[in-house]
Amino acid sequence: MQLQRSASCGSTEASDALVQLSPADGLEVSVASKSGPMYEDQILSVVRETLARLGAGAASVEVREGGAYDHVILARLEGALVRACGMDEVFLHPLPPGALREGSPRERLRRSRLYVPGSNARSLAFADTFGADCLIFDLEDAVAPSEKDAARFLVRRVLAAMDFSDTELWVRVNPLERGGSEDLKVTLGGRPHGVCLPKTETPAQVSELAGLLYEVEGRYELPW
């Protein structure tokens, strides 16, 4: 994987990380952690292992984090790599959850639904504490256009890494013609319970979504 340009992803806000990439002859990684030198070594290890797995061995990488979990740092690294290299199949592998997510029965109670902005690392970090029957990770109206590409990877990592107990987990994608198909390809790797398609007006749009799900779900062991 060859960096085509410099790119960055994320922020230095609490619970988030800012990852900046630049082309280089070899691999250079620097880390500035709010948590101190001990965590900096862990971040270095995570970044180096990820770059080696993805075949990105020539890059200058700078990570600045403000109390971010490892899965947030990984998501920001993936977002920066996509911006620097373009989308590649290596980003679409399923992520191993701690325990494979079980399906959600049709008759379960759905009294409350909490929408969480898919680009906000701090909101996502605490999304498991509110006790909603259903969490909907929003990639559409709650996410600025410039951050939609990065939000997919953040939601995907959150789905795979965090324990939401018996809360039902959905992803609200963008309309299919405006990035929704890319949202599906990335976020299904986190194995949500369902997908919400916004601004649907015709049966043909639902059929198109079903066709896309059929195309991409074979690579994942989904809980439905």
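Because the model is predicted, local features need pLDDT of at least 70 and side-chain atom pairs count only at pLDDT 80 or more, while totals for chains, interfaces and linings use all residues. Residues are numbered from 1 along each chain as its sequence is written, and side-chain values use heavy atoms, with hydrogens and water left out. Helices (H or I, at least four residues) and strands (E, at least two) are DSSP runs, numbered from the N terminus, and two strands are taken to pair if DSSP finds at least two bridges between them.

**The mixed sheet**

- An open sheet of 4 strands has the order β1-β2-β4-β3, and its pairing is mixed.
- The edges are held by β1 (7-10) and β3 (27-33), each of which has a single partner strand, so one side of each is left without a neighbour in the sheet.
- From one strand to the next the twist averages 10 degrees, where axes are lines fitted to C-alpha atoms, for helices over the stretch in contact, and angles run from 0 to 180 degrees between N-to-C directions.
- Strand β2 (residues 17-22) runs antiparallel to β1, to which 4 bridges join it, and G10 has L18 in β2 as its bridge partner.
- The hairpin of β1 and β2 has 6 residues between the strands, and in this hairpin S15 takes a positive phi near 70 degrees.
- Strands β2 and β4 are also antiparallel, joined by 6 bridges, and the bridge partner of A17 in β4 is E65.
- The parallel pairing is that of β3 with strand β4 (residues 59-65), over 7 bridges, and V31 has V63 in β4 as its bridge partner.
- Helix α1 (residues 37-54) lies across β3 and β4 and runs at about 145 degrees to β3.

**The parallel sheet**

- A further 4 strands form an open sheet in the order β5-β6-β7-β8, with parallel pairing.
- Here β5 (113-117) and β8 (194-196) stand at the edges with a single partner strand each, so one side of each is left without a neighbour in the sheet.
- Direction ignored, neighbouring strands of this sheet are turned by 30 degrees against each other on average.
- The parallel strands β5 and β6 are joined by 5 bridges, and Y115 has I136 in β6 as its bridge partner.

- Leaving aside neighbours within four places in sequence, L81 is in contact (heavy atoms within 4.5 Å) with M1, L3, L21, L51, L54, A56, G86 and F91.
- The axes of helix α5 (residues 180-187) and helix α6 (residues 203-216) come within 10 Å and cross at roughly 35 degrees.
- In this pair, S181, L184 and K185 of α5 meet L209, L212, L213 and V216 of α6.

**Individual residues**

- D138 lies in strand β6 and is buried, with a relative accessible area of 4%; buried means under 20% relative accessible area, exposed over 50%, and partly exposed in between (1.4 Å probe, protein chains only).
- Beyond its neighbours within four places in sequence, D138 is in contact with Y115, V116, P117, G118, V143 and R172, and a polar atom of the D138 side chain lies 3.4 Å from the backbone nitrogen of A142.
- E140 is placed in the loop between β6 (134-138) and α4 (148-161), and at 5% relative accessibility E140 counts as buried.
- The side chains of E140 and K199 are joined by a polar contact of 2.7 Å, a polar contact being a pair of N or O atoms within 3.5 Å; within protein, one must be able to donate a hydrogen and the other to accept it, and residues adjacent in sequence count only if both atoms are side-chain atoms.
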